[in-house]
Amino acid sequence: MRLAGKVAIVTGAAGGMGEAAVRLFAREGAAVAAVDLSEEALLPLVKEVLDHGGRAIAIGADVTRAADAARIAELSEAAFGPPNVLFNNAGVDTEGKRSILDIDEADFDKVVEVNLKGVWLMIKHIAPRMIANGGGSIINTASIAAFIAASSAGYCASKAGVVGLTKAAAVELGPFGIRVNTLCPGATETPLAARQHREMEAAGLPTSSEIIGRMGVLGRMADPMEMAQMALFLASDDSAFATGADFVNDGGWTAMSGIRVQDFVGA
Ligand SMILES: NC(=O)c1ccc[n+]([C@@H]2O[C@H](COP(=O)([O-])OP(=O)(O)OC[C@H]3O[C@@H](n4cnc5c(N)ncnc54)[C@H](O)[C@@H]3O)[C@@H](O)[C@H]2O)c1
């Protein structure tokens, strides 16, 4: 088991990639503090882990609030001891509004607060406990939208911010034995993606998992567990030499220019 004896905190754990990571980390031996806005929404997942002989607790908290970040740190350590792994996965998009001209101040503030400030707040409150314990691994979920304009302006800006924050944190916390990396997913079948698809359909755009999937080299969207697997690699000692780096997991989406060689040769 790759996380035997470790304590992991996973934010945004009630759905999508976070839920998959809780399952996988627990299966690999970690005690997991699962965090999301609603504690109730986490209870079936926690029960499932416990039923399979794993260890997990549910924490209802908002990662954009300092008091909540402090409470997550306290509750997790009280239940399982000092943290070894922090998976900063919670994230939102400016749903319903995409254009840089349409989003208002509240939309922009919200996406930056959750996606960027929330990551910083969690690091601020968890890292001291990792330092006291001799180190750890922090994984921050960015996106391919950190590098290309794959979503709304606020979302892209917030995720590019996560990439910068991660490098600064890696440099600052490396001497204390803490590694900090980003996971940069491409299109993945989660509730967030389903909401985006419904929005595109409402705007009259052709969309389906198949069409979106074909925008990448592998011709499909990812399963959330495929993102959890990369998070597991970054959480575990298998990635002991990796820090301050961006781990793109996108089925070749960012490798595509929009034209395939087959388009020229008619294959
Ligand atoms: N799905 C994709 O295609 C995709 C692609 C690239 C990056 N991402 C990123 O991956 C991460 C996970 O996304 P997902 O697709 O699983 O999304 P999701 O919406 O399915 O799950 C995100 C979870 O975060 C929680 N959350 C939102 N705000 C929160 C807050 N303030 N405090 C605590 N929890 C909060 C939500 O309640 C939700 O359960 C996000 O950071 C997202 O931006 C997703």
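A residue is called buried here if 20 or more other C-beta atoms lie within 10 Å of its own, exposed if 12 or fewer, and partly exposed in between. The model is predicted.

**Helix α1**

The buried residues of α1 are Gly-16, Met-17, Gly-18, Glu-19, Ala-20, Ala-21, Val-22, Arg-23, Leu-24, Phe-25 and Ala-26. That is 11 of its 12 residues, so α1 is largely enclosed by the rest of the structure. Its length also fits expectation. At 1.5 Å a residue, the 12 residues should span 16 Å, and the end C-alpha atoms are 17 Å apart, which agrees. Just past the helix, Gly-29 takes a positive phi of about 105°.

**The ligand shell**

The shell holds 27 residues, and the closest are Gly-12, Gly-16, Gly-91, Thr-190 and Leu-192. By class, the shell has 12 nonpolar, 13 polar and two charged residues. Where does the ligand lie relative to domain 1 and domain 2? Domain 1 (7-186 + 223-241) and domain 2 (187-221) both give residues to the shell, so the ligand lies between them.

**Strand β1 and its partners**

Strand β1 covers residues 7-11. Five of its five residues are buried, so β1 is largely enclosed by the rest of the structure. Both of its faces are covered: Val-7, Ile-9 and Thr-11 sit on one side, Ala-8 and Val-10 on the other. On pairing, β1 runs parallel to β2 (residues 31-36) over five bridges. Thr-11 stands opposite Val-35 in that strand β2. Together, β1, α1 and β2 make a right-handed β-α-β unit.

β1 also pairs with β4, again in the parallel sense, over three bridges. Here Ala-8 has Val-85 as its bridge partner. Val-10 is partnered by Phe-87 of β4.

**Strand β4 and the way to β5**

In β4, Val-85 and Phe-87 point one way and Leu-86 and Asn-88 the other, and all are buried. Four bridges join β4 to β5, and the two run parallel. Phe-87 stands opposite Ile-139 in β5. The chain crosses from β4 through α4 to β5, and this β-α-β crossover is right-handed.

**Strand β6**

Strand β6 covers residues 178-185, and eight of its eight residues are buried, so β6 is largely enclosed by the rest of the structure. Ile-178, Val-180, Thr-182 and Cys-184 point one way. Arg-179, Asn-181, Leu-183 and Pro-185 point the other way. Which strand pairs with β6 over six bridges? It is β5 (residues 136-141), in the parallel sense. In that pairing, Ser-137 has Arg-179 of β6 as its bridge partner. The chain crosses from β5 through helix α5 (residues 153-173) to β6, and this β-α-β crossover is right-handed.

β6 also pairs with β7 (residues 246-249), in the parallel sense over four bridges. Thr-182 stands opposite Asp-246 in β7.

| Strands | Bridges | A residue pair |
|---|---|---|
| β1 and β2 | five | Thr-11 and Val-35 |
| β1 and β4 | three | Ala-8 and Val-85 |
| β4 and β5 | four | Phe-87 and Ile-139 |
| β5 and β6 | six | Ser-137 and Arg-179 |
| β6 and β7 | four | Thr-182 and Asp-246 |

Ala-61 sits in the loop between β3 (55-60) and α3 (66-80). Is Ala-61 buried or exposed? It has 23 C-beta neighbours inside 10 Å, so Ala-61 counts as buried. Ala-61 and Glu-39 are 22 residues apart in sequence and 7.6 Å apart in space, C-alpha to C-alpha.

Asp-62 lies in the loop between β3 and α3. Asp-62 counts as partly exposed because it has 18 C-beta neighbours inside 10 Å. From Asp-62 to Ala-90 there are 28 residues in sequence and 9.4 Å in space, C-alpha to C-alpha.

Gly-96 belongs to the loop between β4 (85-88) and α4. With 11 other C-beta atoms within 10 Å, Gly-96 is exposed. Gly-96 and Ile-9 are 87 residues apart in sequence and 30 Å apart in space, C-alpha to C-alpha.

Note on methods: Residues are numbered from 1 along each chain as its sequence is written. This is a predicted model: local features need pLDDT of at least 70, side-chain atom pairs count only at pLDDT 80 or more; totals for chains, interfaces and linings use all residues. A residue is near a molecule or strand if its C-beta atom, placed from the backbone, lies within 6 Å of it. Ala, Val, Leu, Ile, Met, Phe, Trp, Tyr, Cys and Pro count as nonpolar, Asp, Glu, Lys and Arg as charged, and the others, Gly among them, as polar. Domain bounds come from an automatic or database domain assignment. The expected span of a helix is 1.5 Å times one less than its number of residues. Two strands pair if DSSP finds at least two bridges between them. A crossover is right-handed if, with the strands pointing away from the viewer, the path from the first strand over the helix to the second runs clockwise.
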